[in-house]
Every structure is written in structure tokens, then in C-alpha cells.
Amino acid sequence: MAGWTATALIVVNLGLIFLLIAAPLGIRTISRSLRIKAPAARVWNAVYPLGGEAGWSGEIVSAEPVEGQPGRARLVTDWEGRDGQPIDRVAELSDVVPGRSFAMRVVEDSSLDAGFWATFSQQVALEPEGEGVRLTICQTDSYRGAAFLVFRYFALRRMMAKLKRWAETGEYRRGGMFEHPLTQVAMAAASVMILWSLTGFTVGGLAFAVMITVVVALHELGHMAAFRVAGHRRTRMIFIPLLGGIAIGGRPHNSHFEVAFVALMGAGFSAFLVPPLVQAGVFAAASGNVHGGNFMAALVGCIALFNLANLVPVWKFDGGQVLRQICPPGPALAASSFALLGLFLGVGWLAGFSPAIVLVSGGVFAALSLMTSGDAVKPRHALVPLDRRGRAALAAALVAVIFIHGSGVIWAFNHFA
């Protein structure tokens, strides 16, 4: 019964993941309106791309009309591209009523493929209100998955709040509360509480909740370390209660090797911990320390099972990202994906899961892989390709990490059998 409960939790979790990253939502518009107690001209010059205060936040380094293309502006941002140079975009401005309103869409991006901006548009309107002005911004785009839609909403909300403060007081502060370390600690604590509540607030449940949260942190720390090794000057971690966490680099990926290396190191970093923890568990059990042996087995099981699940060849998971860099699209990638999935199901069977649970899990992962395939954000220019040596190295590393975590899962579950 416990196995079916675990399977149900996995299915629910994967359903949430599908909703966040793959559910087709179609065209959606987000809108935000607020009153700013500042001169309308000051606000206009800040929101209009060619306005005199367009660089108020530091995100736009420079803006100038595109020569020979009326209605277009080239915006140089302070965001770093894959080549280390600032990302620049060309925006098309239309329906411009100076001081009152304009519409904008992005027609060129030095970092992203034009398809990323194909359905995006933004409308900005200012209306006098009392001693100030009411600013309304609407953004329309096509979305697959709710995560980016939610991100855009809160990004717009935060930008306008910062604009209001700057226009009214002249002060601007970079960053925000969400990515502040204390906020992330609170998010991790919230994750612990949610997981603990699912276990009935037992002592063992609390230990399990803390253990899983630490495992997630270690996994994301591996990604962050890989970003640093790859040359990213800024990295950060964001906790998402119940779903896990996200490590974010400071620029787009430059090569296929970098994509695979960063994806693999989430589980790769934790793989270094599994063998010594297994040995510690074996030593504790051999010396008669039952509680110590059980703790080590539970810890190894959490580390290995979580990281192994991330290596399942689902399109958006770490394993899917690694495999896509190693194998060319087509039959080779499909065959490798199903072979890898079969390997994971074999690990589950050897660990003692019932055949029914193994088959259900395999079906869920296969369905999720198909539902989330083919919607990755494309860069404007192709990534630096992998050579044979790079493919072989990554394939060997992937097999090694799977073997280590798979062995950890089998040992941990057999310990409690």
C-alpha cells in the first residue's frame, strides 16, 4: 500500500510539473496598473524605450533609433550574452502618442531565436490622475506551461513597483525580496513544513522532510558549481516548495557540452557522497548501531532516489537534457531514451518495487517525456557542437552517475527489506 501511495505522490508531482512547464495555455495577457505620484513626462521618459530616462533601472544601457528603419529602436541591455557581451534587441514601436501611449514588439534579439518573440507584444498607456499619472502595462504572449506566465506576471509587478519608487523618490534598488537569501531559507522551511504535514507531523516525517530538503539543496549546489566552472560569474538558487529547486546561471549556455555538464552535475555532485555514506551505513550496522545504520540507509535512499529521478530521460529533466546533447535527434535519441528508461525501471525492480508500480512509473515518465518534448527555447545562433571525445566523456559520466545512484537505491531499499 505504501508503494502505491508513493506512486500516487509521484504522479501528482509530475502532473504539477506538466502544468508548470508543458500545459498548452495559448495566448494570454497579463496586465498591471498603478498610480504614480510624479510628473507624467518623467514617467513617460522612463517607460518609452527612446525616452531620456529609459536607463532608469540600469537594465537598458543604451537606446537609439535604427538608421533607415523608422519606428525601430536598438536597445543594449546589461544582461550578459553567451559571448560575454551585452544582449541587444531591436524593438518595433507603433501607435505612439507622445506622453500618452505606445505599443512595442521585439523583432530581433542577439541571444534568442526570433521565434521566442513571435507572439509577444506590449502596450503601455499613461492617463493623468490627480497630481500624478496612472500607468498601465499589458503584455501578451503565447504560453506553454504556467511557470513562465507566472514569472512574467511577478516580473512586471516588481518592475512597476520599482519604477513607482524611482519616479517618486529618485531611489532604485536592484534585486528583490524573492531572491534574497532569507526568503529562500523561508521557502526551504516552507518546503519542510509541507512535506512534514503529508506524513502526519510525526518525528520520522520531520526527519524525512528535512532530509529531502537538504538533498534538493545539495543537488542545486551541484548545478551552481557547474555554472561556475563553465565561467558564469553569477549564479543563484531558488527553492520551490514541494517541487524542489532551480539553479540559475548568469548567461545563456555557449556549447552543447556546457548544457550537458551543468545538467549532469546536479546528480553528479551528490554521487560523490553516496559511496562513503553507504560504507558508513555498513560499518554502523556491522558494529551493532541499528539506528545509525538505518539513518544512513534512509539518507542514501533519499539522495540516490531523488537524483536518479532527475536523470530519467524526460525532455525537461536533467537526464533528458544530457541525452539530447549526446545523441543526435531521431532514432538514436529515441532508442537511447527508452534504453535509459528501461535501466531505471530495472533499478526499481531490483530495489524491491512491485512490477505493477514499476510499470506505472515507466508509463508516467514516458508520457511526460512525450508531452514536454520539442518546446525548448532556441538560441539565435547554434551552440558550439560536441566532438566525439566530448560525447564519449559525457556518456561515460552519465552511466557512472546512474550506476552510483542506482546502487545506492538498491542498497538502501534492501537494507530495510
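The model is predicted, so local features need pLDDT of at least 70 and side-chain atom pairs count only at pLDDT 80 or more, while totals for chains, interfaces and linings use all residues. Residues are numbered from 1 along each chain as its sequence is written, and side-chain values use heavy atoms, with hydrogens and water left out.

## The chain as a whole

The protein chain has 12 helices and nine strands. Both kinds of element are DSSP runs numbered from the N terminus, with helices being H or I of at least four residues and strands being E of at least two. Along its principal axes, the C-alpha trace spans about 80 × 50 × 35 Å.

Of the 417 residues, 39% count as buried. Here buried means under 20% relative accessible area, exposed means over 50%, and partly exposed is in between (1.4 Å probe, protein chains only). The chain exposes about 21,300 Å², and carbon and sulfur atoms supply 67% of that; the areas come from the Shrake-Rupley method with a 1.4 Å probe, and for residues only the protein chains shown count as cover.

As for contacts (heavy atoms within 4.5 Å), take those between residues at least 6 apart in sequence: 62% of them join residues at least 24 apart.

Axes are lines fitted to C-alpha atoms, for helices over the stretch in contact, and angles run from 0 to 180 degrees between N-to-C directions.

| Helix pair | Angle | Axes |
|---|---|---|
| Helix 6 (residues 256-271) and helix 9 (residues 318-326) | about 155 degrees | 8 Å apart |
| Helix 9 and helix 12 (residues 388-416) | roughly 150 degrees | within 9 Å |
| Helix 8 (residues 290-310) and helix 12 | about 140 degrees | 8 Å apart |

On orientation, angles under 35 degrees count as roughly parallel, over 145 as roughly antiparallel, 65 to 115 as roughly perpendicular and the rest as oblique. Helix 8 and helix 12, at about 140 degrees, end up oblique to each other.

Handedness comes next: a crossing is left-handed if the near helix is turned anticlockwise from the far one by less than a right angle, and right-handed if clockwise. Helix 6 and helix 9 cross left-handed, and so do helix 9 and helix 12. Helix 8 also passes helix 12 in a left-handed crossing.

Now for who touches whom. From helix 6, His256, Val259, Ala260, Ala263 and Leu264 meet Asp318, Gln321, Val322 and Gln325 of helix 9. That contact divides into five nonpolar, three polar and one charged residues. The classes are simple: Ala, Val, Leu, Ile, Met, Phe, Trp, Tyr, Cys and Pro are nonpolar, Asp, Glu, Lys and Arg are charged, and the others, Gly among them, are polar.

Helix 9 uses Val322, Leu323, Gln325 and Ile326 to meet Arg391, Leu394, Ala395 and Leu398 in helix 12. By class, this contact has six nonpolar, one polar and one charged residues.

## Some single residues

His219 sits in helix 5 (residues 203-229) and is buried, with a relative accessible area of 1%. Beyond its neighbours within four places in sequence, His219 is in contact with Gly266, Ala267, Ser270, Phe306, Asn307, Asn310 and Asp318.

Phe148, in helix 3 (residues 146-169), is partly exposed at 32% relative accessibility. Setting aside neighbours within four places, Phe148 contacts Phe116 and Tyr143.

Val360 belongs to helix 11 (residues 355-371) and is partly exposed at 32% relative accessibility. Its C-alpha atom is 28 Å from that of Asn294, 66 residues apart along the chain.

Finally, the backbone. Most residues other than glycine have a negative phi. Asp95, though, has a positive phi near 50 degrees; Asp95 is in strand 4 (residues 86-97) and is exposed at 63% relative accessibility. Phe201 has a positive phi too, near 55 degrees, and lies in the loop between helix 4 (181-198) and helix 5.
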